[in-house]
Amino acid sequence: MANKVTWGQRGWAHLSDVRSRSPLVQCITNFVSMDFMANTLLSAGASPAMIHSADEIPEFTPKVHALLINMGTLTADWLPAMKLAAQVANQAGKPWVLDPVAAGASSFRLNACLELLGFRPTVVRGNASEILALSKGCVDSNSKGVDSIHGSTDAVEAAKSLARLTGSIVAVSGATDFVTDGQRVIGVQNGVPMLQKITATGCSVTALVAAFVSVDPSHALEATVSALSIFGIAGEAGMETAKGPASLRTNLIDSLHSLDEDTVLSRISIISF
């Protein structure tokens, strides 16, 4: 019970800080996720900025509280801006989060993700197949693109290894989300299966991770756990009246906006390993 109370209080504190401080989160993301990601950040209390032009990054990125780089609709034209943004964020001492979407789908995509790992992201969040591809450093011949063909438990050791190698917090999404710094492993069991039927939920929770880390950068593991659990709790609350994926999408945004302390404390489901 003490663990549940502690994590619940921590999650509520992170959400309250995001609501009160409204951190500016720069999102270099894919065309599919932009709308849902921006609305997720807004409903949580953060301020999204969907800026990806290399011409703006040197002037704009130092002003943000966190940076998110999402590889979803990656092109050769966008990659230099992504690398520049990561470099500028590091120079400005701003946390940044990498979402290595479909990392194992092609050599171009994998190599781009590995290049960005060299800029030492604060957090890496992906599904099991993506984390395994990064850890192994090779393309997966069985890849289904953005869909994971592995369970999250299959990638825990790979996540720990990747965290030790990069110094990043690594989060693996799945039926249970796992978050690790290479030593500690925390499991997040909030969420509903139907979230997998809504495009960009993974992208959006990664943006929420960036917002939460921005208000507590010295505790990036705990902030990542909080973001994943809060998003999952919003999904659970939204599912109570949802009729399918479309209404769950709307309900999730509404639930995230209206989450209260009692709901967070009563619903949070965290396991420490």
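Predicted model: local features only at pLDDT ≥ 70, side-chain atom pairs only at ≥ 80, totals over all residues.
At what angle do helix α4 (residues 79-91) and α5 pack, and how far apart are their axes? Residues are numbered from 1 along each chain as its sequence is written, and side-chain values use heavy atoms, with hydrogens and water left out.

**View 1. Packing of α4 with α5.** The angle between α4 and α5 is about 15°, and their axes are 10 Å apart. Axes are lines fitted to C-alpha atoms, for helices over the stretch in contact, and angles run from 0 to 180 degrees between N-to-C directions. Helices (H or I, at least four residues) and strands (E, at least two) are DSSP runs, numbered from the N terminus. The two helices α4 and α5 are therefore roughly parallel (angles under 35 degrees; over 145 is roughly antiparallel, 65 to 115 roughly perpendicular and the rest oblique). Their crossing is right-handed, the term for a near helix turned clockwise from the far one by less than a right angle, anticlockwise being left-handed. L79, M82, K83 and A86 of α4 make the contact with F108, A112, E115 and L116 of α5, where contact means heavy atoms within 4.5 Å. By class, these residues comprise six nonpolar, no polar and two charged. Ala, Val, Leu, Ile, Met, Phe, Trp, Tyr, Cys and Pro count as nonpolar, Asp, Glu, Lys and Arg as charged, and the others, Gly among them, as polar.

**View 2. Packing of α2 with α10.** Helix α2 (residues 34-44) and helix α10 (residues 245-258) have axes that come within 7 Å and cross at roughly 25°. Accordingly, α2 and α10 are roughly parallel to each other, and their crossing is right-handed. On α2 the contact is made by D35, F36, N39, T40, S43 and A44, and on α10 by R249, L252, I253, L256 and H257. Five of the contact residues are nonpolar, four polar and two charged.

**View 3. Packing of α8 with α9.** The axes of helix α8 (residues 201-215) and helix α9 (residues 220-239) come within 8 Å and cross at roughly 135°. This angle makes α8 oblique to α9. The crossing is right-handed. From α8, T201, S204, V205, L208, V209, F212 and V213 meet A220, A223, T224, S226, A227, L228, I230 and F231 of α9. This contact has 11 nonpolar, four polar and no charged residues.

View 4. Within α7 (residues 156-166), the residues V156, A158, A159, K160, L162, A163 and T166 are buried (under 20% relative accessible area; exposed is over 50% and partly exposed in between, with a 1.4 Å probe and protein chains only). Their cover includes α5 (107-117), α6 (128-136), β6 (169-173), β7 and β8 (185-188).

**View 5. The F178 and F273 ring pair.** The ring centres of F178 and F273 are 5.7 Å apart with planes at 50°, so the pair is tilted. Rings of Phe, Tyr and Trp (its six-membered ring) pair if their centres lie within 6.5 Å, with planes under 30 degrees apart stacked, over 60 edge-to-face and the rest tilted. F178 lies in strand β7 (residues 177-180) and F273 in the segment after β9 (270-272), so the pair ties together parts that are 95 residues apart in sequence. F178 is buried, with a relative accessible area of 8%, whereas F273 is exposed at 60%. Not counting residues up to four places away in sequence, F273 touches F178, V185, I186 and G187.
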